[in-house]
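This briefing is for a reader who is new to the structure shown here. Please look over the sequence and the model before reading on.

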Amino acid sequence: MSHQAQDFSLFRSGEVIPQALIDSQAFRSCFTYTDTQGTSSSWLTTCFVENLIFGTCNINKDANSFKTSNFSLKNPRSRVVIVSFLHGISFYNKTWVKYLGVESSFQGDENLSFFDLSTAEAPVDKLFKPVIAALKSSALPCTLILDHPELYFLTNQCSINEFMSQISYINSLANVLVSTFADANLIDLNETDSSTITHRQTEFLTKLYHRSQGIISIRPLETGRADDVTGTITVSKGSISFEDEAKNLETNEQQYLYLVNKEGFVKVFFR
Amino acid sequence: MSFRRRQEVIGGAPSAPSPGVNSSRNPVLGAPSRGPLSPPSRAPLRNTPHVNPTGPSPGLHNRASNNDMLTQHPGIRPSTITSQPTLSTGSADLDRLLAHQGLPLGNSLLIEENGTTDFSSVLLKVYAAQGIVHNRTAGKLNTHVIVIGSDQHWGRQLPGLYRGSSKEQKKNKVATNESKVTVGNINDSNLKIAWRYGLKKDSPSEELSDPSQTYPNYQHAFDITSSLLPAPAANEMSFVPLNVPDYSKVMLHIQRIISQHQGKLIRIVLQSFLNPAMYPPQLIQHNQSLNFIKSLRHLLHNSPNISLVSSVNLDLYPRHNALVTMIEMLFDGVIELKPFPPELVQMMERIYKNQPAKIKQGFLNVLKLPVLSESGLMVIKEIEYCFKNGKKKFEIEEWSIPIDEEEEERSTTKDIEF
């Protein structure tokens, strides 16, 4: 009796990020993944980095799966640029040592570059200048991961439209994955005061969803905490489809249960 | 037949009576005139009772040879989960709750409190006092406390070390006396038997396996009814005022203090964050306050010797407020103190009228744990723990619903009658 592999995938092809999406010259995608308190998405960021570079995914196999790949950090599937507004590189290094095989003192290289903008105060039109330069100078396809960008516009004088236009421009140069908070306290569609955190975060999320091909929501269990399940992952289609630009690609709408243990290992199950 | 008085040092000079002890009740006997007993023949006996339970183990000696401050500091131990250097919050139960046996360095803890009580300030004070006590026990300045928003008056309110109940103090005194080489102690038949059968051989390894013995000065118990004396000096504790137009001045002040205290462990206390009584209106703006916490977070994550504990009042800023949600996101650990509603307090007082120690004061909810929450582990535990602020310590226990036996009995009786 054979068992269906309960693998995590974003696409119908069964892949997390398919080669066709990376190679596509004409089309750049945007995926949004949201987390809440209690379900930090940092492990998923590491999973995306591993998949983009090596084509493997530790949560579908094991921590050593990257070692069996034909790709390496020197010869990656896609270059990865991480722009983090929440963490420094030392935070990710702890898991990258395990899942990407980098040194613990790794500070980034041309194929996996890291921009720590956690205390950035530059105007929004200058904020992404070094990032855009890195994307433009790359001969290999690039994927940009934006780690909780709301921490920039919630603490600086910057309109959501200005910020979104920067993301749109970057998205024209590279595939983009955006992680952001989506706690219930931060979202209120009836909020009218445009200066509040709730209004700004709601506006950002709404506009981001309308730019995305796929939305991944990581949430705690509605029934409360459990020892054997951390939460749920819901993959759903965004407002923009792949149909026109990349007809063969289709978001795999699916819901998973997942478990993170104290050692940081993640296991995903179909719901 | 002559008797030698107990507690008398053999062959030693008669000791001066300790202060507080009535010398007339402790007459000095002429022990030297009886001639010294032969110490070498009693060597095994002397060794066993004289193992210093708080003395440094060989492992500690190795660590001490390392010049690195983090390994030399008596108030730092490795996290039991991640092996990161970790310091004590000053409350043993809170250290246990944080899963690392303390707060990992470079991490922050936010204590949220509902209602008009002020339990969080007790935790902040023991956190600061623990740093000062490390200075005093080590005999050198190895820790500096930075208090944001309060003045020297706050420093003078830090609790002193818990010396034990009067019963325990008496017991300790007896234990200290018994550890001395006296005729009474050496004649103790139990020790002879223990030595003969080798029962004492295992004791050193047992001591090593006990964390409190491996890290003897890691954490202390504090008595909140007493004061830490002498009060922290300027070279032990600094105060950062908040009468500034924006937080950049506060950050500069903090960074200046840190640079003045290089090579020390820094404990930052941020009391009653955003309380309008302490914070001027311009500092309560959400983008300013979030920027400040972001800057502190960046400072902590890039410094291996700093930790931060803060408190916020949830009556002023409820948890459904987006600002509080964002602040929680930026802290590495978050706990919530939720005092019991009056009905529950009355019920507990009724049920535990003969066991007052069982009466707790509120729920303690865990919302985030340092390092673990960031890695994606789900650690939210609501109404699973309760707390009690006692004289001796801030107790945290698992919550269990009290059973009203009288009520149960009444209902059973009724049923039978029916």
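The model is predicted. Chain A contains 8 helices and 9 strands. Chain B touches chain A through 32 of its residues, and the structure holds 5 cavities of 30 Å³ or more.

**Chain A**
- Chain A has 271 residues, and 57% of them count as buried.

**Contact between the chains**
- On the chain A side, 34 residues are in contact with the 32 residues of chain B.
- Chain B and chain A bury about 3000 Å² between them, with 58% of this area coming from carbon and sulfur atoms.
- Within chain B, the residues that lose the most area to chain A are K294(B), M329(B) and M378(B), which together give 22% of what that side buries.

**The largest cavity**
- The volume of the largest cavity is about 160 Å³.
- Its lining consists of 20 residues, and D35(A), S40(A), F181(A), S373(B) and E374(B) are the closest to the centre.
- In chain A, α2 (42-54) and β5 (175-181) each contribute at least two residues to the lining of the largest cavity.
- Sorted by class, the lining of the largest cavity comprises 12 polar, 4 nonpolar and 4 charged residues.

Methods: Residues are numbered from 1 along each chain as its sequence is written. Chains are lettered from A and ligands numbered from 1 in the order in which they are written. This is a predicted model: local features need pLDDT of at least 70, side-chain atom pairs count only at pLDDT 80 or more; totals for chains, interfaces and linings use all residues. Side-chain values use heavy atoms; hydrogens and water are left out. Helices (H or I, at least four residues) and strands (E, at least two) are DSSP runs, numbered from the N terminus. Buried means under 20% relative accessible area, exposed over 50%, partly exposed in between (1.4 Å probe, protein chains only). On a 1 Å grid over the protein atoms alone, a cavity is a set of points where a 1.4 Å probe fits but cannot get out, and a pocket is an open set with protein on both sides within 12 Å along at least five of seven lines; lining residues have an atom within 4 Å of a point. Grid points are joined across faces, edges and corners, and a volume is the space filled by probe spheres set on the points. Ala, Val, Leu, Ile, Met, Phe, Trp, Tyr, Cys and Pro count as nonpolar, Asp, Glu, Lys and Arg as charged, and the others, Gly among them, as polar. Contact means heavy atoms within 4.5 Å. Buried area is the accessible area (1.4 Å probe) that two parts lose on being put together, summed over both.
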